[in-house]
Amino acid sequence: MQDITFCTISLKKFNIMSLIYPLVFALIGACVAGVPLGLIAGLLDTLIFKNGVIVDIALWIFGVLWAVMLVLCFISFFKVIDELAKTIDALCVGDGKQLQNIWIVLLLNIVTIGIYKFIYFYKLQQRLESRAHEYNEGVLTSPSNLLLFTILSSLVGFGFLVAAALIIEDANQLVYISNDENTFETKEYQNWGIQDLIRKLRYRY
């Protein structure tokens, strides 16, 4: 009989909102910075310069600002997926497998014109499914169903979020069981600390 090695470290649960909060804050940040910038530029051009140069500069600055925020959101998203993959590695310790670094995954995804992400998410879920029975648990979504849902949702642009949400749901089940077995408190993964900020604002008001 094969010996099974179980995770002995405290693991954090994940929330799908960890992926969405940065995008929401980027949109709000762009509006908060962009609207006053546009109004001031329009006012200066109307009253003083009257040649549209200031408005053009303001639009260029807004474009750069929005691009930077989108890049930060992109990095934030992959950071969550990377942490999720590390958690799955910890849950499946001892099975002789190791998930790839997220930046290698990104590179392969670019080379394959977006196809590799389907393979990667499938491998994440397959790894969870192969080990779930050792935790006396089963996955809610099979790897093949996850692949199907991801492909279909990708047609409308939400493939990443759907795949991450389904994997998070199953990973969290095993995280709770692992932490309970090790008598650890289950804390939530904080992406940029945004959840903490929202929680404090909610309690304050």
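Hi everyone, let's begin with the second largest pocket: by class, four of its lining residues are nonpolar, four are polar and two are charged. Here Ala, Val, Leu, Ile, Met, Phe, Trp, Tyr, Cys and Pro count as nonpolar, Asp, Glu, Lys and Arg as charged, and the others, Gly among them, as polar. This is a predicted model, where local features need pLDDT of at least 70, side-chain atom pairs count only at pLDDT 80 or more, and totals for chains, interfaces and linings use all residues. Residues are numbered from 1 along each chain as its sequence is written, and side-chain values use heavy atoms, with hydrogens and water left out.

The lining of that second pocket includes Phe-6, Glu-134, Tyr-135 and Glu-181. A pocket is an open set of points on a 1 Å grid over the protein atoms alone, where a 1.4 Å probe fits, with protein on both sides within 12 Å along at least five of seven lines; lining residues have an atom within 4 Å of a point.

Now, the largest pocket holds about 340 Å³ of space. A volume is the space filled by probe spheres set on the points, which are joined across faces, edges and corners. Of its 14 lining residues, those closest to the centre are Leu-23, Cys-73, Phe-77, Phe-160 and Leu-161. Which residue classes make up this lining? Eleven residues are nonpolar, three are polar and none is charged. Helix H2 gives the largest share of that lining, five residues. Helices are DSSP runs (H or I, at least four residues), numbered from the N terminus.

Lastly, Val-53 sits in H2. Why is Val-53 called partly exposed? Because its relative accessibility is 40%, and partly exposed lies between buried (under 20% relative accessible area) and exposed (over 50%), using a 1.4 Å probe and protein chains only. Thanks, everyone!

Note on methods: Helices (H or I, at least four residues) and strands (E, at least two) are DSSP runs, numbered from the N terminus.
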